[in-house]
Amino acid sequence: AVAVLSVYSMVVLAAPGAKASGELTVSGQVTVNGQKMISGGTVFSDSTISTAAQSSASVNISKVGRVELAPNSNLRLSFADNSITAMLETGSAQVSTLAGTTVNLTTKDGTVVVDGTQATTFTVSSFRGRTSVATQSGIAQFRTGNTTKQVAAGESATAGVPNPQTD
């Protein structure tokens, strides 16, 4: 039964219209959609990835980019051939994209947008009522309320009201 399941899984992954997937690398305790994961596992689009204390996860999405989660993070991740969409509930995520990949990453304080004109790497952290964005390479936009801030390589931006009672 296991061999049949393995063959069936490969057919499903290769089928036209199959959900996009990425390869997971983990350190420590990581769950995807509530299921404990190990390195080498597959993450499909529309998954929720959670990392415990002293744990991390990295999803390598072929021809799109990579998303890395720090300890104590919770991220809902969707992706397609040339886009990454995510909701960071709490924690920190670093997103690295290839040129041609758009990103729309939302937190409770705002949205980080990458238009895909160039390869971009940025880190978003959402802790204690505040969201911060730091761009390592390329350029990202941080949209909060009616404000849009360009965050170029080496720059950062912050939004939200500090609340030491949360997270």
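Val 32 stands opposite Ile 49 in β5, so let's start there, bearing in mind that this is a predicted model.

**Strand β5 and its partners**

- On one pairing, β5 runs antiparallel to strand β2 (residues 30-32), and three bridges join them.
- β5 also pairs with strand β8 (residues 74-80), again in the antiparallel sense, this time over four bridges.
- Look for Ile 49 in both pairings: Val 32 is opposite it, and its bridge partner in β8 is Leu 75.

**Ser 125 in β12**

- You'll find Ser 125 in strand β12.
- Is Ser 125 buried or exposed? Its relative accessibility is 16%, and the limit for buried is under 20%, so Ser 125 counts as buried.
- The side chain of Ser 125 makes a polar contact of 3.0 Å with the side chain of Ser 92.
- Setting aside residues up to four places away in sequence, Ser 125 touches Leu 88, Gly 91, Ser 92, Arg 130, Thr 131 and Ser 132.

**Thr 42 in β4**

- Thr 42 belongs to strand β4, which spans residues 42-44.
- With a relative accessible area of 36%, Thr 42 is partly exposed.
- If you skip its neighbours within four places in sequence, Thr 42 is in contact with Ser 21, Gly 22 and Met 37.
- Thr 25 is 17 residues from Thr 42 along the chain, and their C-alpha atoms are separated by 9.3 Å.

- Most residues other than glycine have a negative phi, which is the background for the next two residues.
- Lys 63 isn't a glycine, yet its phi is positive, at about 65 degrees.
- Where is Lys 63? Its place is in the loop between β6 (56-61) and β7 (65-69).
- Lys 63 has 71% relative accessibility, so it counts as exposed.
- Arg 128 isn't a glycine either, and its phi is a positive value near 50 degrees.
- Arg 128 lies in the loop between β12 (120-127) and β13 (130-137).
- The relative accessible area of Arg 128 is 44%, so this residue is partly exposed.

How values were computed:
Residues are numbered from 1 along each chain as its sequence is written. This is a predicted model: local features need pLDDT of at least 70, side-chain atom pairs count only at pLDDT 80 or more; totals for chains, interfaces and linings use all residues. Side-chain values use heavy atoms; hydrogens and water are left out. Helices (H or I, at least four residues) and strands (E, at least two) are DSSP runs, numbered from the N terminus. Buried means under 20% relative accessible area, exposed over 50%, partly exposed in between (1.4 Å probe, protein chains only). Contact means heavy atoms within 4.5 Å. Two strands pair if DSSP finds at least two bridges between them. A polar contact is a pair of N or O atoms within 3.5 Å; within protein, one must be able to donate a hydrogen and the other to accept it, and residues adjacent in sequence count only if both atoms are side-chain atoms.
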